[in-house]
Amino acid sequence: MPLLFALQVNSETWPLEQRTPYNTKVQTASSLLYTPLKQTQKPWKICALVPHLKDAYWIGIDYGLVQQATKLNIKLELFEAGSYYHKKKQLEQLSNCMKEDFDAILLGTVDPKLIAYYHGPITKPVIALVNRVDSPTITTRIGVNWYQMGWHAGQFIKNDLAQTPTSSRKKQKDLALLTGPEKLGGSDWVDQGVFDALKESDIKISSIRHADNNRDLYRDQLHHLLDDQSPDYILGSAVAIEAAIGEIGHKHLEGKVKLVSSYLSPGVLRGLFRDKVSFSSDDLVVLQGKLAIDIVVRELEGNAVHGDIGPKIQSINAQELNKDKIKNKLSKSLAPAHFYPVYSVTPNNGKK
């Protein structure tokens, strides 16, 4: 893949990781500098399918997709299933994208086994977007390793406990998990990463709860959770942690329960700045969206498949938070506050 390493003077480059083996939980990562495209051979037409646009994560992906499609002057159409539980709708959308005049499909799947449920012919290149797709027909995925996202969050908890003086802490600490829809998206690998990071520690998983990424659903779950117990840590999706900030306030548990997010959102970032959230992993979703457009164009134009490729996971610790540094990197992590979901990018034929 020589184009990945071709640096141009004064060109923008993206620091990335290439991971092997492809589509596996435990991987080896190699760092690389990627030079994004400046132009394309033709005005390609790309279909993007995503689970939903209900939270900052997928809105950030959408923003990156739109930015790079606009820059390269190609057509982009985006369709959302509306929920991780709308598999039938996403299958219909996949079928429509196969039938219509798109050149390739970016698939942010609602289910890792979605292709097994799809009975039509695969007539176009399909690249996995963010979520893994368990199918031999798909050999490129843009994103990060979600097992590592969970491991980073779990490792923070393990280190945090180790820094607490033994004389001033109880022997065992309780952790409640609310990491997303059960076995959908990346939640199962996040859970496994957390479990493995906390092996041989004094952390007990006191509760595991799953729900669609809906703040009201998480608020209900947290209400019942905190009625039943007062865990020392809550680790969850950004939507769950945003809900937890409010619920902990209502229960007067500030300072007693530490919140840890498996990914970043504007609400989680505000919580970090205000010492209401202790830690968040960050997988630079805007950069992922830009990279997805760039990679799908490269493969359409004859490049070899890229396997598992994406940004290096970042760790944001509230105690080490540097506001100036975080502001410099937000352009790769979060969509601007004024951005609303965009579903279509049309080429400007007079641009070139």
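**Surface, helix packing and a disulfide in a predicted model**

The chain exposes about 15700 Å², and carbon and sulfur atoms supply 50% of this area. Accessible areas follow the Shrake-Rupley method with a 1.4 Å probe, and for residues only the protein chains shown count as cover. The model is predicted: local features need pLDDT of at least 70, side-chain atom pairs count only at pLDDT 80 or more, and totals for chains, interfaces and linings use all residues. Residues are numbered from 1 along each chain as its sequence is written, and side-chain values use heavy atoms, without hydrogens and water.

Of the 352 residues in the chain, 55% are buried (under 20% relative accessible area, 1.4 Å probe, protein chains only). The chain holds 11 helices and 15 strands. These are DSSP runs numbered from the N terminus: helices are H or I, at least four residues, and strands are E, at least two.

Helix 5 (residues 146–162) packs on helix 6 (residues 187–197) at an angle of about 35°, with the axes 6 Å apart. Axes are lines fitted to C-alpha atoms over the stretch in contact, and angles run from 0 to 180 degrees between N-to-C directions. The contact (heavy atoms within 4.5 Å) includes Trp146 and Trp151 of helix 5 and Trp189 and Val194 of helix 6.

The whole structure has one disulfide (a pair of cysteine sulfur atoms within 2.5 Å). Cys47 is joined to Cys97, S to S 2.0 Å. Cys47 lies in strand 3 (residues 45–50) and Cys97 in helix 3 (residues 87–99), 50 residues apart. The S-S torsion is about 50°, so the disulfide is right-handed. Cys47 is buried at 0% relative accessibility. Cys97 is buried at 1%.

Terms used:
Buried means under 20% relative accessible area, exposed over 50%, partly exposed in between (1.4 Å probe, protein chains only).
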